[in-house]
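Please look over the sequence and the structure before reading on.

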Amino acid sequence: MLKISCSLYQPIHICNESFVCVKFNHTNIPFMWFVAVISGGGTGVKIKELSVPPTYVLDEEPNAVRQPLILDCEYEVDPGESGFVLKWLRNEQPVYQWIPGSKPFPLSFLRGRVDTKYEASVQSDSKHRAVAIIRPQWNMSGEYACSVQTFQSQDRKSAHLLIVVPDKDFQLSYNCCDDENFIVVECSTLKVFPEPSLTLTVNDMLVDTGTEKKRRKEDGMYESILTWRVPKSHLDPPVTFNCALTIPGTNYTARRETIYYATI
């Protein structure tokens, strides 16, 4: 602990471990002051762990039971802190607020989409720290930040969440043969988010001469079609075509496979 000698100064105030000394001249009028803060080793309020999944895959099957999307923020608060409030923000816009002793308060697009009875802890000062989103939507991707603050201190951490809408109508097919005796291989997906990437392999060899066309539809979803034309004479059946759909920046992958056999 820091020690302060006031042999030349007269102590006039001690408050919350702050020690103030004032030097007086011969007329007892203070003409110089010095302040030192003695730290007791506390950290104020501090976030220990932020839990935001980098990827959340929506299950849009009609009878699917969706698990809530949980955003959690584990923190610790020194006993001397007061006026605690927790906030969640998405892209710098407040979407959730909680003050111990009151009910959680979802804001903006999270209104009506949060399970306000969800408890992340049995401790009264942290039980509603987490946001349990019960009906996530594809357009909820973004940078999510947890902000904790008191009258004395504050802390904040953030992480990016990407919501994936899995592929719909993901198909791989081939047609033999067109007027020029070419085999046309087509891999397509008609509804996926975010923007996908399609790759085609032939007997495990990557095809880099295909043509991929993408567009974003009015509902925000993406459509992508990869087409490859190859002379029939260049293939020695049976030939395995494999198409992989990936979402860049995630570990999401879907695959389709078909086999071409010899035709007369």
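Which cysteine does a disulfide join to Cys73? The partner is Cys146, with an S to S distance of 2.0 Å, where a disulfide is taken as a pair of cysteine sulfur atoms within 2.5 Å.

## Basis of the model

This is a predicted model, in which local features need pLDDT of at least 70 and side-chain atom pairs count only at pLDDT 80 or more, while totals for chains, interfaces and linings use all residues. Residues are numbered from 1 along each chain as its sequence is written, and side-chain values use heavy atoms, with hydrogens and water left out.

The average pLDDT of the protein, that is, the predictor's confidence in each residue on a scale from 0 to 100, is 83, and 81% of the residues score at least 70. Over residues 1–41, however, the pLDDT is below 50, although this stretch has 51 contacts in the model beyond near neighbours in sequence; a contact here means heavy atoms within 4.5 Å.

## Overall fold

The protein has 20 strands and 0 helices, both assigned as DSSP runs numbered from the N terminus (helices are H or I, at least four residues; strands are E, at least two). Among contacts between residues at least 6 apart in sequence, 56% join residues at least 24 apart.

Of the 264 residues, 37% count as buried, meaning under 20% relative accessible area, as against over 50% for exposed and in between for partly exposed (1.4 Å probe, protein chains only). The protein exposes about 16000 Å², of which carbon and sulfur atoms supply 50%; the accessible areas come from the Shrake-Rupley method with a 1.4 Å probe, and for residues only the protein chains shown count as cover.

By the distance rule the count comes to 2 disulfides.

The torsion about the S-S bond of Cys73 and Cys146 is about -85°, which means that the disulfide is left-handed. Cys73 counts as buried at 0% relative accessibility, and Cys146 is buried with a relative accessible area of 0%.

## The disulfide of Cys187 and Cys243

A disulfide also joins Cys187 to Cys243, with an S to S distance of 1.9 Å. Cys187 belongs to strand β14 (residues 182–193) and Cys243 to strand β19 (residues 239–246), so the pair links parts that are 56 residues apart in sequence.

Because the torsion about the S-S bond of Cys187 and Cys243 is about -85°, this disulfide is left-handed. Both Cys187 and Cys243 are buried.
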